[in-house]
Amino acid sequence: MPRGAMEEQDEERRRVAEHIEWQKQGAWVVLWGVHSRRFWAFACWPVIPEAGVVVDAGDPEALYSVMRYVEREHDFLRWRYGRGRGARSPGPGRDTSGPLPETPPDLPRTPSCGG
């Protein structure tokens, strides 16, 4: 692919990443990785493990899918909206009282969000 076309494609993907971040209302920092050719999202909410949560995907639809999965896994909606406003019960047999599962050690730490 010619350099100019690749730069144009990268710029479009950066705009897509910015749009995803805007749609998620500051709950995620979303980037396009020029070298990796992947979208990257860093969770920015306090109900994640200390090491942070970072997800990646090759296309926006897959990124949305993995972001939603992580939000459910870490009870993001309960934190964001509170118990009485649309948060679902964790379901029978799901213990939410203990510490959250650890993030795999090979993922980078979450960047500073919102500041």
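This is a predicted model: local features need pLDDT of at least 70, side-chain atom pairs count only at pLDDT 80 or more; totals for chains, interfaces and linings use all residues.
Visitor: Let's start with the rings. How many aromatic pairs does a search of the whole structure find?

Guide: The search finds 3 aromatic pairs.

Visitor: Take Trp-28 and Trp-45. Why is that pair called edge-to-face?

Guide: Look at the angle between the ring planes. Planes over 60 degrees apart count as edge-to-face. Here the planes of Trp-28 and Trp-45 stand at 80°, so the pair is edge-to-face. The ring centres are 5.7 Å apart.

Visitor: Where do Trp-28 and Trp-45 lie?

Guide: Trp-28 is in strand β1, residues 28-33. Trp-45 is in the loop between β2 (38-43) and β3 (54-57). The pair therefore ties together parts that are 17 residues apart in sequence.

Visitor: Are Trp-28 and Trp-45 buried or exposed?

Guide: Both Trp-28 and Trp-45 are buried.

Visitor: Now Trp-45 and Phe-76. Why does that pair count as tilted?

Guide: Stacked means planes under 30 degrees apart, and edge-to-face means over 60; the rest are tilted. The planes of Trp-45 and Phe-76 meet at 45°, so this pair is tilted. Its ring centres are 4.8 Å apart. Phe-76 belongs to helix α3 (residues 76-81), so the pair ties the β2-β3 loop to a part 31 residues away in sequence. Phe-76 is buried, as is Trp-45.

Visitor: Which residues form one aromatic cluster?

Guide: Trp-28, Trp-45 and Phe-76 do.

Visitor: On to charges. How many salt bridges are there?

Guide: The count comes to 6 salt bridges. To read one, find the closest N and O atoms, then ask where each partner sits. Glu-11 and Arg-14 are one case, with closest N and O atoms 3.1 Å apart. Both lie in helix α1 (residues 3-23). They are 3 residues apart, about one turn of the helix.

Visitor: Why are Glu-11 and Arg-14 called partly exposed?

Guide: Partly exposed runs between the buried limit of 20% and the exposed limit of 50%. Glu-11 has a relative accessible area of 35%, and Arg-14 has 34%.

Visitor: Which parts does the salt bridge of Lys-24 and Glu-71 tie together?

Guide: The N to O distance in this bridge is 3.1 Å. Lys-24 lies in the loop between α1 and β1, and Glu-71 in helix α2 (residues 60-73), so the bridge ties together parts 47 residues apart in sequence. Lys-24 counts as buried at 16% relative accessibility. Glu-71 is buried too, at 8%.

Visitor: And where do Arg-38 and Asp-56 lie?

Guide: Arg-38 is in strand β2 and Asp-56 in strand β3, 18 residues apart. Their side chains meet in a salt bridge at 2.4 Å, N to O. Arg-38 is partly exposed at 30%. Asp-56 is partly exposed at 28%.

Visitor: Which residues do shared partners join into one network?

Guide: Glu-11, Glu-12, Arg-14 and Arg-15.

Visitor: Last, the core. Which residues touch the most other members?

Guide: The largest nonpolar core has 19 residues. Trp-28, Val-30, Ala-41, Trp-45, Val-55, Leu-63 and Met-67 touch the most other members. Next, ask which elements supply the core. α1, β1, β2, β3 and α2 each supply at least two residues. The largest share, 4 residues, comes from α2.

Visitor: What is Met-67 in contact with, leaving aside its neighbours within four places in sequence?

Guide: Met-67 is in contact with Ile-20, Lys-24, Trp-28, Val-30, Ala-41 and Val-55. Lys-24 also meets Glu-71 in a salt bridge.

Methods:
Residues are numbered from 1 along each chain as its sequence is written. Side-chain values use heavy atoms; hydrogens and water are left out. Rings of Phe, Tyr and Trp (its six-membered ring) pair if their centres lie within 6.5 Å; planes under 30 degrees apart count as stacked, over 60 as edge-to-face and the rest as tilted. Buried means under 20% relative accessible area, exposed over 50%, partly exposed in between (1.4 Å probe, protein chains only). A salt bridge is a side-chain nitrogen of Lys or Arg within 4 Å of a carboxyl oxygen of Asp or Glu. A nonpolar core is a set of buried Ala, Val, Leu, Ile, Met, Phe, Trp, Tyr and Cys residues joined through side-chain atoms within 4.5 Å. Contact means heavy atoms within 4.5 Å.
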